[in-house]
Amino acid sequence: MRVAQRCDIYCRVVDNFGDIGVLWRLARQLGDEFGWRVRLVVDDLTAFHAIEPTINDKKPQQWCGKTEVFAWKCPPIGDFVDVVIEGFGCQLPQGVVGAIAAQHPKPLWLNLEYLSAENWVREHHLLPSQHPQLGMTKTFFFPGFVAGTGGLLRERVVQPPPPPIPMQAPLKVLLFAYDLPSSASVAKVLADSTRVAVVSVPTGALAKRLLAIRLPKLDVTAFVPQREFDALLTSFDLLLVRGEDSFIRAMWTGKPFVWQIYPQDDRAHWPKLEAFLDIYCVGLAAPAARSLRALWHLANGIQANPAASEPPACLWEDYLRHLPEIAAHAHRWTTAQMKKPDLASNLVAWVLRL
């Protein structure tokens, strides 16, 4: 049995904060809950600083809590390591690959993949891949919602959500979305609705777009650090969130939410969104499921047949009619997901079995 003591995690920030958000949570959890000695190597310390203000983006090596943080340009090389986690296929620096290949015994090398609900994920989870020159094995670790996948990030401090309460008063809505035309369309529908009290948008490009069109009920708020984000989510009635990290955190609140998936030019994100909706809508009555899908499609700019599409205001009103059922379903879904092992626990258990 292998007892992991040191783990290096590598992260390239592709866009926004999703990559570093996920890997920073994982690094903290492995250190705090499992006693691993974690080093996190990041190529964009400025983005890291935005979600973790204690990070000095000018300092190439530093400690943040129990985690040692390195800039990408000066990764730790030569020290013994038990586990190397390559975040989202970021490709390790060549010097690092050579160093771990020369180590005896060799570390376990994992590629932590993006979250997806697609059927093929179970087939590819924990599949090995042989390095053509070095003879090392890289194992693909896939997060997921169902058995046979790596699970979802969830720290032990995350508690089951309280029972849902009827939402009769005007709704407080969080709009943490990408700066897209579809985001502006949703914002306008919300702002025009008598059932919405406020549309809260974090400062950034989308907030500037909405301020420019003088959207009513708009509340532009400060961008909060990651450690404050989870508590912030619980203060809203409806959550419209973007990316992977915020998606999972919204889900843990047990509140109704809409996920704006990271957009790709070739529309590769559409099947990923539909795959999640297929499993998420199980148990919802057909009219409520159709209404939920329609609002999610609107937020994601999906129009399979634009000529047959209903006006956004009509989609929103229909969603409101089904909101009590959708809210109860959101709570049931979260409660069921919380009964499953979390991603960090699954990862540690897999390492210790080897």
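Rings of Phe, Tyr and Trp count as a pair if their centres lie within 6.5 Å, with the six-membered ring used for Trp. I kept that cut-off at hand for the aromatic entry below. I am working from a predicted model.

**Entry: aromatic rings**

I searched the whole structure for ring pairs and got 23 aromatic pairs. I then picked F257 and W296: the ring centres are 5.5 Å apart and the planes sit at 55 degrees, so I logged the pair as tilted. Planes have to be over 60 degrees apart to count as edge-to-face. This pair links distant parts of the chain, with F257 in strand β13 and W296 in helix α10, 39 residues apart. Both F257 and W296 are buried. Which residues do ring pairs link into a cluster? I wrote down F145, F247, F257, W259, F276, Y280, W296 and W333.

**Entry: the sheet behind F257**

Since F257 is in β13, I looked up the sheet next. Five strands make an open sheet, ordered β11-β10-β9-β12-β13, and the pairing is parallel. Why is one side of β11 and of β13 left without a neighbour in the sheet? β11 (218-221) and β13 (257-260) stand at the edges and each has a single partner strand, so one side of each has no neighbour there. On average, neighbouring strands of this sheet are turned by 15 degrees against each other, direction ignored.

I zoomed in on one strand pair. β9 (residues 171-176) and β10 (residues 196-202) run parallel and are joined by four bridges. Within that pair, L171 stands opposite V196 in β10. I also checked what packs on the sheet: helix α8 (residues 243-252) does, touching β9, β12 (238-242) and β13. The direction of α8 makes about 160 degrees with that of β12.

**Entry: helices α9 and α10**

I ran a length check on both helices. Helix α9 (residues 269-280) has 12 residues, which at 1.5 Å a residue should span 16 Å; its end C-alpha atoms are 17 Å apart, which agrees. For α10, 14 residues should span 20 Å, and the end C-alpha atoms are 20 Å apart, which agrees as well.

Then I asked which residues of α9 are buried. They are H269, W270, L273, A275, F276, L277 and Y280. Among them, F276 and Y280 turn up in the aromatic cluster. What covers the buried residues of α9 includes α8, β13, α10 (286-299) and α11 (312-337).

In α10 the buried residues are A288, A289, S291, L292, L295, W296, L298 and A299. They pack against α5 (181-192), β13, α9 and α11.

**Entry: S116**

S116 lies in the loop between β6 (108-112) and α4 (120-124). Is S116 buried or exposed? S116 has a relative accessible area of 8%, so I put it down as buried. Leaving aside neighbours within four places in sequence, S116 is in contact with V121, P143, G144, F145 and K272. One of these, F145, is also in the ring cluster. I took V38 for a distance check: 78 residues separate V38 and S116 along the chain, and their C-alpha atoms are 26 Å apart.

**Entry: cysteines**

How many disulfides does the structure hold? I found zero. C64 is in no disulfide, and the nearest cysteine sulfur, that of C11, is 14 Å away. C64 is buried, at 6% relative accessible area, whereas C314 counts as partly exposed at 37%.

Conventions. Residues numbered from 1 in each chain as written. Predicted model: local features only at pLDDT ≥ 70, side-chain atom pairs only at ≥ 80, totals over all residues. Heavy atoms only, no water. Pairing = 2+ DSSP bridges. Helix = DSSP H or I, 4+ residues; strand = E, 2+ residues; numbered from the N terminus. Axes fitted to C-alpha atoms, helices over the stretch in contact; angles between N-to-C directions. Contact = heavy atoms within 4.5 Å. Disulfide = S-S within 2.5 Å. Buried < 20%, exposed > 50% of the residue type's maximum accessible area, 1.4 Å probe, protein only. Expected span 1.5 Å × (residues − 1). Phe/Tyr/Trp six-rings, centres within 6.5 Å; stacked < 30°, edge-to-face > 60°.
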